[in-house]
Amino acid sequence: MVSVSPVDAAPAVPAAARRRPRGRPLLLLALPAVVVLAVFFVVPAARLAWLSVSEPALGFGNYTAMASDGVVVTVVLRTLGMAAVVTVLCVLCAYPYAYLMTMVGPRWRAVLTALVLLPFWTSLMARTFAWVVLLQDTGLVNGLLAAVGLGPTRLLGTTAGVSVAMAQVMLPFMVLPVYTAMRGIDRHLVDAAMGLGATPLAAFLRVYLPLSLRGVAAGATLVMVLSLGFYVTPSLVGSPQQSMLAQLISVQVNQLVNFGAAGALAVTLLVVTLVLVAGVQRLTRTGGAPVGLVGGAGS
Amino acid sequence: MRSVRLRRALVAIGVLIGAWLLVPTLIVIPISFSGEDSFAFPPSSWSMRHYATFFTEPSWLNALLVSVQLAVIVTVVATVLGTAAAFALSRTAFHGKGAVNGLFLAPLIVPGIVVAVAVYAAFLQWGLIGTPTGFVLAHTVLAIPFVTVNVGAALGGFDRTLERAAAGLGASSLATFRSVTLPLIMPGVLSGAVFAFVTSFDEVVVSLFIQSPQLQTLPVRMFTSVTNEVDPTIAAASTVVITVTTALLALATALRRNRRHA
């Protein structure tokens with residue numbers, strides 16, 4: 001998904017066209033968009049990075065303060081832990097689901113795909129509100145838990161509640177790459193392994209699983225990246241006492257008006273994200289995913 | 001025997017996960033028709049009054065109108081700028097093209113909260129907080145990548161001999177673009193436009209930072225509602241939003257499918 005770019009999609013420019021540099025006036029067409037992105041995206045981002053090393057004083061004071069602040073360290077560890085839990089939940093749910101998608105006929109596959117795409121397309125605010133309703137003390141989830149003798153328990157404002165809601169929001173980002181990887185696996189390889197005497201379990205573990213891991217790795221990294229910077233769902237389903245990195249950044253800006261500290265946190269989050277995305281890019285270089293994957297839960 | 005059991009287990013898991021995906025999306029619909037002032041589910045009485053509130057109470061109605069107008073303007077601006085850029089980039093080769101392509105994808109990759117804080121800090125300086133111009137610019141930045149990706153994909157599967165034929169028959173480059181290129185990439189342009197609309201219409205994080213009490217979008221109004229009040233009007237708002245975005249994105253998918261079969 002992040003690997004889809006206009007160049008990848010474009011055909012190779014014929015050699016004759018490359019020799020004649022008559023494309024220069026054409027390039028002017030790209031100028032307005034480039035200017036808008038440069039002025040209202042790159043400049044603000046660069047200004048924020050600059051604020052992080054210049055506000056209140058020049059130097060890396062904000063970064064050292066961040067690293068030695070117990071609250072920040074706790075929040076960062078909690079965010080990493082939450083992102084890991086959400087990623088594992090998504091892998092555990094997406095793998096059998098995607099496998100089922102490869103097993104069924106075209107009609108059921110369309111249904112299963114629609115089930116993944118529908119929440120993906122639904123407004124993030126609407127879904128987050130739905131989770132607030134579902135997880136409230138008298139909500140449907142607590143009703144079900146009570147019915148099997150496990151409840152009612154407090155879910156809203158807990159990390160458990162946040163991870164269940166976030167995993168649901170992230171699941172499509174996991175299912176689609178895993179399914180794409182599985183679709184490309186030649187089933188005859190598994191048959192061949194069994195024909196050579198492997199048990200079905202051994203054939204799955206030694207042949208199918210390794211071949212599908214690329215999709216899992218791509219999906220997991222994407223979910224991890226999105227979870228690290230997630231703001232809306234943790235703010236509304238979670239509690240301020242259990243805040244995540246994005247909420248901490250927001251508090252630094254809105255309540256403390258400390259752009260230096262917020263900038264340092266934001267730059268750190270951005271660097272981690274870019275490193276992870278670069279990893280995904282390398283993993284998914286060959287396989288493009290649907291464009292529709294981009295966005296939606298990205299906030 | 002074993003594979004039958006495995007298949008059953010898989011189907012059971014599929015049903016559970018399917019419900020987990022679907023229920024939170026749909027549960028707001030019955031609540032929006034509730035006759036009560038709580039989020040109780042299932043509601044013990046039914047009414048349309050939350051819709052009546054949504055479409056009459058100024059804070060909700062204004063937010064809806066702001067969001068619709070904003071999304072329409074952003075769609076037009078982002079589609080024009082994005083299509084022009086995708087066209088130019090697909091037809092030229094130059095040094096640093098990779099960097100320009102990266103620029104067009106960056107808003108999709110950078111976490112929303114980072115964009116929000118960066119834009120907020122800049123807009124404070126430039127006096128754009130809580131202004132229509134500020135909203136249009138911020139949302140356009142977020143929407144352009146969806147247009148360039150979609151139009152870029154359409155241009156990728158494009159047969160350039162058609163353009164050369166038009167030029168060979170004496171058409172000017174503008175006429176060729178208008179009567180040959182544009183109609184052929186139209187599905188890509190339209191699905192890019194739909195994504196641009198939905199991106200703006202749905203955007204929460206950046207809008208939360210650049211809003212003012214006088215100028216709020218619908219998602220911002222919904223966010224404040226969840227934070228501050230127990231008011232089922234938000235269920236009606238959610239249902240309206242779900243209906244609009246799902247319908248539009250289904251349209252975009254249909255467009256893309258048409259393009260593939262063309």
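The chat below goes through some features of a predicted model with chains A and B.

Student: What share of the contacts in chain A with a separation of 6 or more comes from residues 24 or more positions apart?

Tutor: That share is 72%.

Student: Give me a buried residue to look at. Where is A:Thr79?

Tutor: A:Thr79 is in helix 6 of chain A, which covers residues 70-103. Its relative accessibility is 1%, so A:Thr79 counts as buried.

Student: What does A:Thr79 touch?

Tutor: Leaving out residues up to four places away in sequence, A:Thr79 touches A:Leu228, A:Met244 and A:Leu245.

Student: What about A:Val257, what is its phi?

Tutor: Phi of A:Val257 is near 45°, which is positive in a residue other than glycine. A:Val257 is in the loop between helix 14 (245-254) and helix 15 (259-283) of chain A.

Student: Is A:Val257 buried or exposed?

Tutor: A:Val257 counts as exposed, because its relative accessibility is 55% and the cut-off for exposed is over 50%.

Student: Now the two chains together. How do helix 4 of chain A and helix 7 of chain B cross?

Tutor: Their axes come within 10 Å and cross at roughly 120°. Helix 4 of chain A and helix 7 of chain B are therefore oblique to each other. The crossing of helix 4 of chain A with helix 7 of chain B is left-handed.

Student: Which residues make the contact?

Tutor: From helix 4 of chain A, they are A:Ala33, A:Val36, A:Leu37, A:Phe40 and A:Phe41. Helix 7 of chain B supplies B:Leu137, B:Thr140, B:Val141 and B:Ile144. By class, the contact of helix 4 of chain A with helix 7 of chain B has eight nonpolar residues, one polar and no charged.

Student: Take A:Val36. Buried or exposed?

Tutor: A:Val36, in helix 4 of chain A, counts as buried because its relative accessibility is 13%.

Student: What is A:Val36 in contact with?

Tutor: Setting aside neighbours within four places in sequence, A:Val36 is in contact with A:Phe41, B:Leu81, B:Thr140, B:Val141 and B:Ile144.

Student: How far apart are A:Val36 and A:Phe60?

Tutor: They are 24 residues apart in sequence and 30 Å apart in space, C-alpha to C-alpha.

Student: Back to helix 7 of chain B. At what angle does it cross helix 5 of chain B?

Tutor: Helix 5 (residues 97-109) and helix 7 (residues 132-156) of chain B cross at roughly 120°, and their axes come within 8 Å. Helix 5 and helix 7 of chain B are therefore oblique to each other, and their crossing is left-handed.

Student: Which residues meet there?

Tutor: B:Phe104, B:Leu105, B:Pro107 and B:Leu108 in helix 5 of chain B meet residues of helix 7 of chain B including B:Val141, B:Ile144, B:Pro145 and B:Phe146. The contact of helix 5 with helix 7 of chain B has 10 nonpolar residues, one polar and no charged.

Conventions: Residues numbered from 1 in each chain as written. Chains lettered and ligands numbered in written order. Predicted model: local features only at pLDDT ≥ 70, side-chain atom pairs only at ≥ 80, totals over all residues. Heavy atoms only, no water. Axes fitted to C-alpha atoms, helices over the stretch in contact; angles between N-to-C directions. Helix = DSSP H or I, 4+ residues; strand = E, 2+ residues; numbered from the N terminus. Parallel < 35°, antiparallel > 145°, perpendicular 65-115°, else oblique. Left-handed = near helix turned anticlockwise from the far one by under 90°. Contact = heavy atoms within 4.5 Å. Nonpolar A, V, L, I, M, F, W, Y, C, P; charged D, E, K, R; others polar. Buried < 20%, exposed > 50% of the residue type's maximum accessible area, 1.4 Å probe, protein only.
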